[in-house]
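Here's a quick tour of how this fold is put together. Have the structure open as you read.

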Amino acid sequence: MKVLLASPNFHQARGNTVTVQRISDGLNKLGIETEIINITDSCKLSSLPKADIVHGFNAYRFGHFMKGLGEKPERYVVTMTGTDLNIDLHNPEKKAEVIQTITNAEAIHVFDEEAKLVLAGEIPEAKNKISVIHQGTVIFSKAGADYKKEHGTFVFLLPAGIRKVKNIPFAIEKLKVLYEKNPRIRLWLAGPVIEEEEGNIVKTLTERNKEWVQYFGQIPHHHMGELYRQADAVLNTSHSEGQPAAILEAMNYKLPVLAANNLGNRNIISHQETGLIYTNPVEFLDNADKLVNNNELRIKLGHAAKLYIEDSHSSEYEAKILQKIYETILEKSPSKQ
């Protein structure tokens with residue numbers, strides 16, 4: 001079996017890229033051949049490489065990509081990655097594209113039960129095609145990158161591509177309140193600039209706060225392990241999320257996570273059990289201060305987060321369930337050879 005994985009922005013170190021590469025690696029271990037194509041290249045493809053099945057990521061992006069193909073894929077699977085479910089599906093200009101992509105798919109993959117309920121509520125006829133598979137995650141081997149925090153400092157790490165939905169200026173502006181009271185606080189930012197205007201805002205804020213904020217830019221994904229090993233806590237300040245791979249990775253490193261109250265985050269974090277969820281700036285500051293000053297809380301959250309990941313986010317399980325979905329589709333296909 002050969003599976004073609006169609007990913008938006010695969011050239012950038014973004015959540016979709018991490019997800020697609022992990023799934024590709026997991027399928028390869030099961031003996032399934034994979035090929036990854038970037039569906040947001042400036043040089044558009046007019047035809048697809050040969051494959052038994054196509055697996056597209058982000059229903060809106062994948063649907064838009066298929067419009068430019070001379071021959072549409074005979075059978076395809078779609079993974080709803082977050083923006084397509086939480087934003088595009090409710091955008092009058094994009095909703096029809098998402099619905100068409102979902103309606104014509106053989107199977108739809110979402111990351112959690114709440115996402116399934118949202119999608120089935122909007123497109124009831126797709127309900128029986130939706131499978132819930134939690135994202136897998138990995139521990140990185142030691143890389144050559146050398147990220148070292150200053151002695152005696154407390155590092156909050158925020159891994160995210162820089163775009164408005166990630167709400168990165170919020171993290172800088174609010175943590176500054178704590179930094180002015182506790183100058184050992186540091187904020188590390190890691191991720192590519194995806195939206196130029198937002199990138200300029202973040203870079204300006206970083207420069208103004210260079211005594212305690214550091215922006216690493218886009219770094220190779222396999223270097224992230226070194227950042228997790230140095231960090232004391234990880235942040236997610238996004239307005240919207242699917243199921244953030246960076247948060248799963250951080251939890252796998254026993255790091256306490258402080259995350260915004262959105263669909264994707266609250267479906268993997270149980271407040272005060274496996275991490276902390278905030279709803280407003282006051283809660284953000286209160287919880288961030290607790291993480292800095294309560295070592296016992298950090299250890300407790302970190303251990304519980306690690307156990308949760310081991311129980312619920314196995315990359316091997318993820319690949320095996322996808323394999324079953326592909327095989328079922330190919331078995332019932334009238335063009336099966």
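## Helices over the sheet

Helix α4 (residues 95–104) lies across β4 and β5, at about 130° to β4. Bear in mind that we're looking at a predicted model here. Helix α5 (residues 113–122) lies across β5 and β6, and its angle to β6 is about 165°.

## The sheet itself

What order do the strands take? Reading across, you get β2-β1-β3-β4-β5-β6, an open sheet of six strands with parallel pairing. β2 (33–38) and β6 (130–132) are the edge strands; each has a single partner strand, so one side of each has no neighbour in the sheet. On average, neighbouring strands are turned by 25° against each other, ignoring direction.

For a look at one pairing, take β4 (residues 76–79) and β5 (residues 107–110): they run parallel and are joined by three bridges. Val 77 has Ala 107 as its bridge partner in β5.

## Two nonpolar cores

Now for the packing. The largest nonpolar core holds 31 residues, and Phe 156, Ile 172, Leu 175, Leu 187 and Leu 235 have the most contacts inside it. Helix α6 (residues 168–181) is the top contributor to this core, supplying seven residues.

How values were computed
Residues numbered from 1 in each chain as written. Predicted model: local features only at pLDDT ≥ 70, side-chain atom pairs only at ≥ 80, totals over all residues. Heavy atoms only, no water. Core = buried A, V, L, I, M, F, W, Y, C linked by side-chain atoms within 4.5 Å. Buried < 20%, exposed > 50% of the residue type's maximum accessible area, 1.4 Å probe, protein only. Helix = DSSP H or I, 4+ residues; strand = E, 2+ residues; numbered from the N terminus. Pairing = 2+ DSSP bridges. Axes fitted to C-alpha atoms, helices over the stretch in contact; angles between N-to-C directions. Contact = heavy atoms within 4.5 Å.
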